[in-house]
Amino acid sequence: MSTNSNFSHLDAEGRARMVDVSHKADTARIAVAAGELETTPEVVALVRADGMPKADVLATARIAGISGAKRTSELIPLCHQLALSKVDVVFGFTETTITVEATAKTTGPTGVEMEALTAVAIAGLTLHDMVKAVDPAATMNGVRLISKEGGKRGRWSRDGVPAPLGPQLEARSAVVLVASTGGARGTREDTTGPVIAAWLTDRGFSVRGPLVFADADIATGLDDALTGGPALVISTGGTGVSPTDATPEATRVVLDRELPGVADAIRLKGTEVTPHATLSRGLTGVSGRTVVVNLPGSPGGVKDGLAVLGPILDHLLAQVAGHGLHDPDVQDAGERK
């Protein structure tokens with residue numbers, strides 16, 4: 001007869017119990033979960049264009065997911081009540097699916113995996129409710145935990161490799177962030193994010209994204225991109241002087257240190273092609289141990305920015321991570337032999 005000793009929510013007699021976490025230390029905890037609503041190309045097109053009869057489909061599903069995460073302990077009986085510091089729900093699209101990804105954060109003695117999973121499930125069910133008039137056969141699939149971190153076990157990811165948090169783990173991780181109102185609505189093709197993602201992949205980075213956010217939501221996008229402490233975040237778009245361009249303002253809030261020389265070099269590179277490059281207000285800097293780089297929203301601007309980053313990126317990331325600082329062949333920024 002099998003035992004239940006490995007199930008934390010069962011006691012020695014096999015009875016359900018709430019786990020006592022009073023002896024555990026409070027630590028920052030993050031969990032990321034995902035799932036996808038499988039539907040028809042027609043529904044995907046309607047949702048991306050905000051064309052469904054029930055107003056704003058994605059906004060409604062996002063709010064539902066956040067609300068669901070906050071009520072997880074009411075829905076799942078053995079979960080603890082948590083003071084959530086963040087719940088974020090983002091959507092993506094393929095030809096026949098609407099993908100859902102949720103991030104939950106807290107500081108406490110127990111993790112937020114169930115909150116992230118609940119956010120995905122509730123957001124997905126809300127999507128189902130809103131599209132069922134067009135596609136009653138839509139199905140919510142693959143609700144799963146992607147990663148979690150915090151506590152004595154450090155970081156776990158779905159690839160099955162648990163590891164403690166640290167700069168080595170995230171040394172080649174990157175996130176691509178796109179500021180585009182039209183792209184977020186599905187009315188404009190993103191031509192810059194995939195270019196950056198491919199460039200990073202070719203250089204051995206594990207890449208998340210492109211994450212596409214409307215200009216007005218770019219602060220939320222940056223918060224999402226910084227989740228988990230990647231080594232690098234590269235954004236594209238929203239660096240100009242139009243009334244909706246807000247990427248530099250949102251970036252400045254999260255930076256601990258600016259790297260104005262890199263940003264100036266990117267602008268200078270662009271002026272070799274067009275004087276309009278001087279209008280870019282993009283920033284570069286460091287948030288924690290993450291390098292954040294703003295690139296313009298044009299293919300040419302992205303090309304110029306990547307040309308500047310190429311020769312310095314590995315050295316920059318090593319400096320920020322604290323590696324090679326005592327190597328005589330690795331000089332501090334601005335120094336020459």
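Me: What is the strand order in the open sheet of six strands?
Reply: The order is S7-S6-S8-S11-S10-S9, with mixed pairing. Strands here are DSSP runs of E of at least two residues, helices are runs of H or I of at least four, and both are numbered from the N terminus. Two strands pair if DSSP finds at least two bridges between them.

Me: Which strands stand at the edges there?
Reply: Strand S7 (206-213) and strand S9 (257-258). Each has a single partner strand, so one side of each is left without a neighbour in the sheet.

Me: Before I go on, what kind of model is this?
Reply: This is a predicted model, in which local features need pLDDT of at least 70 and side-chain atom pairs count only at pLDDT 80 or more, while totals for chains, interfaces and linings use all residues. Residues are numbered from 1 along each chain as its sequence is written, and side-chain values use heavy atoms, with hydrogens and water left out.

Me: Back to the sheet. Do S6 and S8 pair in the parallel or the antiparallel sense?
Reply: Parallel, over five bridges, between S6 (residues 173-179) and S8 (residues 232-236). Val 178 has Thr 236 in S8 as its bridge partner.

Me: Which strands does helix H6 lie across?
Reply: H6 (residues 193-202) lies across S6, S7, S8 and strand S11 (290-295), and runs at about 170° to S6. Contact means heavy atoms within 4.5 Å. Angles run from 0 to 180 degrees between N-to-C directions, with axes fitted to C-alpha atoms, for helices over the stretch in contact.

Me: And H10? What does that lie across?
Reply: Helix H10 (residues 299-321) lies across S8, strand S10 (284-287) and S11, at about 170° to S11.

Me: Other sheet now. What is the order of its five strands?
Reply: S2-S3-S1-S4-S5, an open sheet with antiparallel pairing. Strand S2 (84-93) and strand S5 (155-157) are at the edges with a single partner strand each, so one side of each has no neighbour in the sheet. From one strand to the next, the twist averages 20°.

Me: How many bridges join S1 to S3?
Reply: Twelve, with S1 (residues 27-38) and S3 (residues 97-108) running antiparallel. S1 also pairs with S4 (residues 139-149), in the antiparallel sense over eight bridges.

Me: What are the bridge partners of Val 32?
Reply: Thr 103 in S3 and Ser 147 in S4.

Me: Which strands does H7 touch?
Reply: Helix H7 (residues 218-226) packs on this sheet and touches S2 and S3, with its direction at about 100° to that of S2.

Me: Now H2 and H4. How do their axes cross?
Reply: H2 (residues 57-70) and H4 (residues 113-131) have axes that come within 7 Å and cross at roughly 145°. The contact includes Ala 61 and Ala 64 of H2 and Ile 122 and Ala 123 of H4.

Me: Last one: how many cavities of 30 Å³ or more?
Reply: One. The largest cavity holds about 40 Å³ of space. A cavity is a set of points on a 1 Å grid over the protein atoms alone where a 1.4 Å probe fits but cannot get out, and lining residues have an atom within 4 Å of a point. Points are joined across faces, edges and corners, and the volume is the space filled by probe spheres set on them.

Me: What gives the most to the lining?
Reply: Helix H9 (residues 260-271), with three residues. Among the lining residues are Ala 263, Ile 266 and Arg 267.

Definitions and conventions:
On a 1 Å grid over the protein atoms alone, a cavity is a set of points where a 1.4 Å probe fits but cannot get out, and a pocket is an open set with protein on both sides within 12 Å along at least five of seven lines; lining residues have an atom within 4 Å of a point.
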